[in-house]
Amino acid sequence: MAALKLALAQLNPFVGDIAGNTRQAIDACLDAAQQGAELIVLPELFVCGYPPEDLLFHGGFQHRIDAAVDELLRAVRGITVLVGVPDYDGDDIYNAAIVFRDGEVIAKYRKWLLPNYRVFDEKRYFRKGDEARVIEIGGLQVGLSVCEDIWQPEPAAAAKAAGADLLIAINGSPYQVGAQARREDVARARVRETGLPMVYVNMVGGQDELVFDGGSFVMDADGAVTFRAPAFETRLDCVVIEHGDAVTPTAASIEPLPTTEASVYAALVTGTRDYVRKHGFDGVVLGLSGGIDSGLTVAIAVDALGANRVRAVMMPYRYTSDMSKHDAAAQAELLGVRYDVISIEPIVAAALGQLADVFSGYGEDTTEENVQSRARCMLLMALSNKTGDMLLTTGNKSEMAVGYATLYGDMAGGFAPIKDCSKSLVFDLARYRNTLSPAIPDRVITRPPSAELRPDQKDTDSLPPYDVLDPILAAFIEEDLSVQEIAALGYDFDTVARVLTMVRRNEYKRRQAPPGIRISERAFGRDWRYPITSGYRFPPG
């Protein structure tokens with residue numbers, strides 16, 4: 001029985017860094033060839049990074065892509081290479097896979113199915129392909145596909161009809177909770193329909209609000225996984241496909257699927273690390289209040305960057321409890337980060353003093369609370385400007401949804417690691433992080449959440465309990481359910497209507513929030529496009 005040794009290159013491209021991605025690809029190709037692989041498979045649009053968005057339209061972009069492909073052709077010998085590139089054909093652009101060996105392009109495949117939902121808008125950029133492509137590599141007939149192509153039956157069926165013995169899919173598939181299991185279910189459906197094994201290669205790394213988790217795998221003709229790479233790791237893995245009377249991937253290491261908390265936490269660490277690294281920042285600064293949101297965020301930052309690159313600042317005011325001061329200091333010591341304490345008392349007093357005349361006749365309200373939050377923002381942004389460290393924002397999805405955050409205050413910053421995590425998930429992630437090593441004091445997790453902007457304040461003074469609020473928000477944001485449909489799930493109608501009204505009213509805040517890592521079915525960002533100015537009401541009235 002003959003055998004094909006192939007390498008799965010689960011790598012981390014950098015959008016727009018065409019030269020750097022090309023060097024990374026060449027290094028992987030040379031490594032794979034040294035290990036005796038006959039074929040190396042790299043991810044979707046690897047040469048330019050994914051998603052390149054409107055860079056594809058830039059006048060110089062095509063020339064750099066052409067130069068990168070020429071460099072790959074010159075530099076790599078002794079191994080067949082399958083890699084994703086944008087393919088320019090006059091005024092048309094295709095999301096393509098090219099196959100080359102020893103300086104010659106031997107095949108090109110253009111992606112059939114262009115996703116245009118949620119975070120994807122490929123129809124803005126690409127024309128669809130319509131031809132199956134099967135090539136012979138090491139005695140095997142290999143059918144090519146790109147990402148979305150395996151999510152419907154037709155492209156795989158066409159490859160089978162064209163004589164394929166093996167399917168290979170290159171991918172830029174972003175992470176969300178449960179994504180790996182869904183990918184494998186889809187691949188299994190194609191495998192069982194065609195009777196062909198499949199090799200699936202995905203990229204890793206953070207790109208703006210998206211994070212890619214890898215999880216590359218090989219599946220036999222019965223739909224059983226014979227190899228699975230660890231998630232969120234750059235790596236080069238070689239597998240063997242035996243072929244004769246049948247095509248059989250040999251058994252290799254199979255990384256277990258992680259728990260939800262483990263995979264989400266790894267996504268947050270990866271996304272934070274790459275956002276900071278790819279933007280060239282030396283470190284980060286953030287406010288550490290003694291609460292759970294900042295407590296989780298500082299732990300993520302330390303795991304992403306190292307304690308020496310994280311600076312935490314406690315900014316107490318008269319309403320800051322001794323408990324919060326103690327817990328913030330304890331966590332900073334536990335994680336080994338630089339910790340500063342700067343009171344905002346004189347700043348708030350000065351601001352309110354200057355406003356006293358124009359505020360005459362008005363009673364106290366959230367305005368005074370927002371002055372506190374904006375005083376803290378001023379200090380943090382000053383530190384960010386002076387040191388060059390990026391300011392991390394610590395708000396969660398529940399707060400972003402209902403506007404329980406201060407514009408130009410605690411919403412300000414360069415990146416928001418837990419922006420797509422509900423408050424309930426924040427608690428789960430904090431407990432999970434403490435199973436790895438002590439990081440967040442127990443009292444930070446168990447105490448009732450409070451913004452501490454007025455005496456004895458609790459989040460529940462303004463919001464429903466999070467075990468009520470978060471399911472309502474998920475039903476609306478991720479499932480698009482109406483007030484009536486959500487109430488039918490067992491929630492009070494007036495509470496649902498109030499929550500959805502809060503979401504609608506605070507769209508203007510979310511548009512001004514920093515980007516954050518997408519981990520859910522639908523995040524506030526590129527897959528949330530509600531109007532700011534809207535006469536729609538929840539419910540009508």
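1. Buried means under 20% relative accessible area, exposed over 50%, and partly exposed in between (1.4 Å probe, protein chains only). Helices (H or I, at least four residues) and strands (E, at least two) are DSSP runs, numbered from the N terminus.

2. This is a predicted model, with residues numbered from 1 along each chain. Local features need pLDDT of at least 70, side-chain atom pairs count only at pLDDT 80 or more, and totals for chains, interfaces and linings use all residues.

3. Helix 2 covers residues 61-75.

4. In helix 2, F61, I65, A68, V69, L72 and L73 are buried. They fall within an arc of 135 degrees seen down the axis (directions from the helix axis to the C-beta atoms), so they line one face of the helix. On the other side, H63, R64 and R74 are exposed.

5. The cover over the buried residues of helix 2 includes helix 1 (18-34), strand 3 (80-89), strand 4 (92-101) and strand 5 (104-110). Contact here means heavy atoms within 4.5 Å.

6. Six strands form an open sheet, order 6-7-8-9-12-13, with mixed pairing (at least two DSSP bridges between two strands). Strand 6 (134-137) and strand 13 (225-228) stand at the edges, each with a single partner strand, so one side of each is left without a neighbour in the sheet.

7. Strand 9 (residues 198-202) and strand 12 (residues 217-219) pair in the antiparallel sense over three bridges. Y200 has F217 of strand 12 as its bridge partner.

Methods:
Side-chain values use heavy atoms; hydrogens and water are left out. The expected span of a helix is 1.5 Å times one less than its number of residues.
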